[in-house]
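Subject: Structure for your files, with notes

Hello,

Here is the structure I said I would pass on. My notes on what was found in it follow below.

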Amino acid sequence: MDTESTHSGYSSRSGRSNRHGERSRERHKGGSSKDSSRSERSVIINPPDTPSQDSPVHNEEPLPGEPSAAADAGDETQDDNWGETTTAVTGTSELSISQEEVVGLGKEIQDRTQGFRRYLPLAVGSCVGLLVMATPLVFLLLPVVMWPDRLQACGAACEGLFLSISFKILILLVAVWALFLRPSRACLPRVCVYRAFLTTLTLLLTMSYWLFYGVRILDAQDEDYHGIVQFAVSLVDSQLFVHYLAVVLLELRHLRPCYSVCVIRSTDGETRHYNIGQLSIQRAALTILEYYYRDFPLHNPSLLSASKHRTAKHLAGLKVYNVDAPGSTAAAQPSNGNQSRPMVTPATKRKDNAHSELYYEEADYERRVRKRRARLVVAVEEAFTHVRRMKKEDENATPSDIMDVREAALAIFPSMARALQKYLRTTRRQHCHSMESIQKHLAFCLVNNMSPKAFLEAYLAPGPTLLYGPERWMADQWTLISEASVTSGIKEGTEVLLKCLDFNLAVTVKGIPYIRLTEEYIDPKSHKFILLLQSETSV
């Protein structure tokens, strides 16, 4: 049986969309034009005593799940790929929307709000910073502008406070710039709790001073200008203490290691261990990703294709038939059944010899890599030797004949290009290095008078992810998956998953054990000993 169609009634407002089903249903309607007067939703149920049909019929075809004579006759001719040739016809609606469109709509909304989420903390911080810096100055200027005739004269002590508040505001401005006005390293999914707390505390402090200033100074029009200046100085001192608290919470608290983190890459099992301090889950994930780009070698999916191909090749050889089942193909056709029995034995033998095939395959791969590597090393050494020889000849040449470093790199690159290309193809890393990047690296090595080994180090072993182009970083494709809230702190046993496009990073947190050291005193005199020599000698 080549094809098998399953038809179902549909509603005018169905929630699913299947264009292939619509085309199949139109072809079916064209083929059954003889019964055009019959409604598509009609279901004819024959009585059980009708000799011609033993099951319900839908458009002259049996309903799904009901046996029929044609189906019984076709069981003997059914092939093994029946699941691939089955067509399911479902209902559609003009108002339906596919799942891909819903996902695309969500991505568009996320892209629109990404820039807003990135610059919103910077905008809020800038507004709070301007408010903090302008408030002491406004406290000093308002009395001079509103009631200048009633203010008392400012003496030497008051003028000294002007000098103090000027330098304090300057120090606070530089401190705020160094701590808060730095470029953001990442876009976190939630707001940082400590930053929100410090922002709220700063606003609360500033509003409290404004409330006190409005009630006790503006309404009463206080004439003691020296007291007003001291009030502004106290505000600046409070803001400096808040900044000190921000340094402790944001920069110093997490420096002390408290936890050991194990990071495992899901595809190749590459593992690293790091010690981190008391951080929230999202901040810990950001720190781990920074370590990942620095320490983990570049992820290469091409290295995993060999094992997948080998597994698929072994599974393709397994084909088992149930010869004892009644009505099966092997039982109905004895000649084919005799052929199906020996097929299990070779597949089983190939499965048993899988370790031998893997051993010889890896040995052959290592042999080819060593061979390509030796050819590459020889080619690069000959090219660099030629460059050194030409450099000595250029000392006696005229300035017009001296080649530029870029031109020298382009001149010697063809002599090593073929060996380098074959080596990168053998190691399945040809997509990681472009011809332009190789020539740029070669020119860099020639300018700095590096050895051939220094040039080859970038290609003989995979380096960290940051050494390659930004297209390999996938920095905007990370997703944090955690059972606990990402703003809560990490603790013993916390498990987090960092999901990327091609692989995942499984993170497990372990607490650093409490270490107890004891001292054991050793008396210095215990190390002394006496050497007794026998004075008598043998005669």
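Predicted model: local features only at pLDDT ≥ 70, side-chain atom pairs only at ≥ 80, totals over all residues.

Overall

The chain has 539 residues, and buried residues make up 26% of them. Of the contacts in the chain with a separation of 6 or more, 74% are between residues 24 or more positions apart.

Cysteines

A disulfide is a covalent bond between the sulfur atoms of two cysteines. The criterion applied is a pair of cysteine sulfur atoms within 2.5 Å, and the count by this rule comes to one disulfide. The partners are Cys154 and Cys158, with their sulfur atoms 2.0 Å apart. The torsion about the S-S bond of Cys154 and Cys158 is about -115°, so this disulfide is left-handed.

The two partners can be described by their accessibility. Cys154 is partly exposed, at a relative accessible area of 25%, while Cys158 has 1% relative accessibility and counts as buried. The cut-off for buried is under 20% relative accessible area. Two further cysteines fall under that heading: Cys192 is buried at 13% relative accessibility, and Cys500 is buried with a relative accessible area of 7%.

As to where Cys154 sits, its place is in the loop between helix H3 (99-146) and helix H4 (156-179). Leaving aside residues up to four places away in sequence, Cys154 touches Glu159, Phe162 and Tyr225. Tyr225 is 71 residues from Cys154 along the chain, yet their C-alpha atoms are separated by 6.7 Å.

Helices H5 and H6

The axes of H5 and H6 lie 10 Å apart, and the two helices pack at an angle of about 170°. That makes H5 roughly antiparallel to H6. On the H5 side, the residues making the contact include Tyr194, Phe197, Leu201, Leu205, Tyr209, Phe212, Tyr213 and Ile217. On the H6 side, they include Ile228, Phe231, Leu235, Val242, Leu245 and Leu249.

Aromatic residues

The structure holds 17 aromatic pairs. One of them is Tyr213 with Phe231: the ring centres are 6.2 Å apart and the planes are at 20°, so the pair is stacked. Tyr213 lies in helix H5 (residues 193-218) and Phe231 in helix H6 (residues 225-252), so the pair ties together parts that are 18 residues apart in sequence. Tyr213 and Phe231 are both buried.

Another aromatic pair is formed by Tyr292 and Tyr293, and this one is edge-to-face, at 5.5 Å centre to centre with 70° between the planes. Tyr292 and Tyr293 are both buried.

Tyr213 and Phe231 also belong to one aromatic cluster, together with Phe139, Tyr209, Trp210 and Phe212.

Charges over rings

Two arginines are worth a look in the viewer. The charged end of Arg265 sits over the ring of Phe503, at 5.9 Å from the ring centre. The charged end of Arg272 sits over the ring of Phe296, at 5.2 Å from the ring centre.

Helices H12 and H14

Helix H12 (residues 405-426) and helix H14 (residues 452-460) pack with their axes 11 Å apart, at an angle of about 30°. Angles under 35 degrees count as roughly parallel, and H12 and H14 are therefore roughly parallel to each other. H12 contributes Met416, Leu420, Tyr423 and Leu424, which meet Phe455, Tyr459 and Leu460 in H14.

Ser280

Where does Ser280 lie? Its place is in the loop between strand S6 (271-276) and helix H7 (281-295). Ser280 counts as buried, at 16% relative accessibility. Not counting residues up to four places away in sequence, Ser280 touches Val486, Thr487, Ser488, Gly489 and Ile490.

Regards

Technical notes. Residues numbered from 1 in each chain as written. Heavy atoms only, no water. Buried < 20%, exposed > 50% of the residue type's maximum accessible area, 1.4 Å probe, protein only. Phe/Tyr/Trp six-rings, centres within 6.5 Å; stacked < 30°, edge-to-face > 60°. Helix = DSSP H or I, 4+ residues; strand = E, 2+ residues; numbered from the N terminus. Lys NZ or Arg CZ within 6 Å of the ring centre and 35° of its normal. Axes fitted to C-alpha atoms, helices over the stretch in contact; angles between N-to-C directions. Parallel < 35°, antiparallel > 145°, perpendicular 65-115°, else oblique. Contact = heavy atoms within 4.5 Å.
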